[in-house]
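Thank you all for coming. I would like to walk you through one structure today, slowly enough that we can look at each part together.

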Amino acid sequence: MESSLELANMTTVQEFILLGLSTRLGVMDALFAIFLTLYLLTLLENTLIVYLICSHNELHKPMYFFLGNLSCLEMCYVSVTMPSLLLGLWTGPCHVPFTACTIQLFLFIFLIGTKCTLLASMAYDRYVAICRPLHYPLLMRPQVCLGLAMTSWLGGLLISLIKTTCIMSLSYCGPNVLNHFFCDVSPLLKLSCTHMALTELVDFIFAIIIFCGSLVVALASYMAIGRAVLRMPSAAAHCKALSTCASHLVVMGIFYSVVLFMYSQPSSIESTDINKVLSVIYTAVTPMCSPIVYCLRNKEVHTAIKKTLRPH
């Protein structure tokens, strides 16, 4: 009875205070310029890729269909987290209403879950192209590609609805200070003043399903590609396929390793400076690098860029 009265007398948190990436005045201006540049470059690169894929018929292939989806996702993804990062560097610790924090958390989980599944779909597409080339037109026909993409987006949406509902239905009675630059899962769980074992379990299960499940598909695809490449008689084909797979694996490896380290744990992780640095890697750095690795090094994309610059 007494504990119920104490809980009733507690003030429900109406807003959160984001401490941001850094509070050192001498560093904040430099970091603001760096991350603003990264943000604008990411938007520019991905906008260019979407435009090229939509406007050139030679890029209307399954691989570029998935890359177009990924580019759209990356633009949304960075636009969810980067504005709050930049605002924190510009003004210092900022106040975020509870509703706004909920929306940011929902969009973040939705997009990161979708990205994992899209990366797995892209790996499967490359597996079919290299290991089963004769069946490629059938296995990766437009209906299949659309189904994979829709599954990725709808799966991310469903998981985000469940996880966000569980996390934001917890009681937040104070303190309300998040040692982070956006409303992330672990810092919010850390601030909850109610029993959260079930929420942590749900978070852990979905992290395993979405992250580990898509990672297994991607790794299995690339392992099969590796075996197929080693059996190729041509040394040139050898090098080309291995080079493509290696570059893809680097980006995927960085993204998956950081995300799995941050989220695939049943207990909440305290938001420390190292966790914020790791968050920067997958929220700012990999979205900027992905277009360069996946598209801008591609000969077909180079040809499309030249046609765009010199249409006549």
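Predicted model: local features only at pLDDT ≥ 70, side-chain atom pairs only at ≥ 80, totals over all residues.

The protein chain has 312 residues, and buried residues make up 48% of them. Its secondary structure comes to 11 helices and 3 strands, and if you follow the elements from the N terminus, you will read them in the order α-β-α-α-β-α-α-α-β-α-α-α-α-α. When we take the contacts in the chain with a separation of 6 or more, 81% of them are between residues 24 or more positions apart.

Now, how far does the predictor's confidence reach? The average pLDDT for the protein chain is 82, with 87% of the residues scoring at least 70. Where is confidence lowest, and where is it highest? The lowest mean, 40, belongs to helix α1, residues 2-9, while the highest, 93, belongs to helix α5, residues 136-139. Over residues 1-11 the pLDDT stays under 50, and for this stretch the model has 4 contacts beyond four places in sequence.

Let us finish with helix α2, residues 25-55, and helix α3, residues 62-91, which pack at an angle of about 160°, their axes lying 9 Å apart. Because angles over 145 degrees count as roughly antiparallel, α2 is roughly antiparallel to α3. The crossing in which α2 passes α3 is left-handed, and, sorted by class, the contact between α2 and α3 has 21 nonpolar, 7 polar and 1 charged residues.

Note on methods: Residues numbered from 1 in each chain as written. Heavy atoms only, no water. Axes fitted to C-alpha atoms, helices over the stretch in contact; angles between N-to-C directions. Helix = DSSP H or I, 4+ residues; strand = E, 2+ residues; numbered from the N terminus. Parallel < 35°, antiparallel > 145°, perpendicular 65-115°, else oblique. Left-handed = near helix turned anticlockwise from the far one by under 90°. Nonpolar A, V, L, I, M, F, W, Y, C, P; charged D, E, K, R; others polar. pLDDT = per-residue confidence, 0-100. Contact = heavy atoms within 4.5 Å. Buried < 20%, exposed > 50% of the residue type's maximum accessible area, 1.4 Å probe, protein only.
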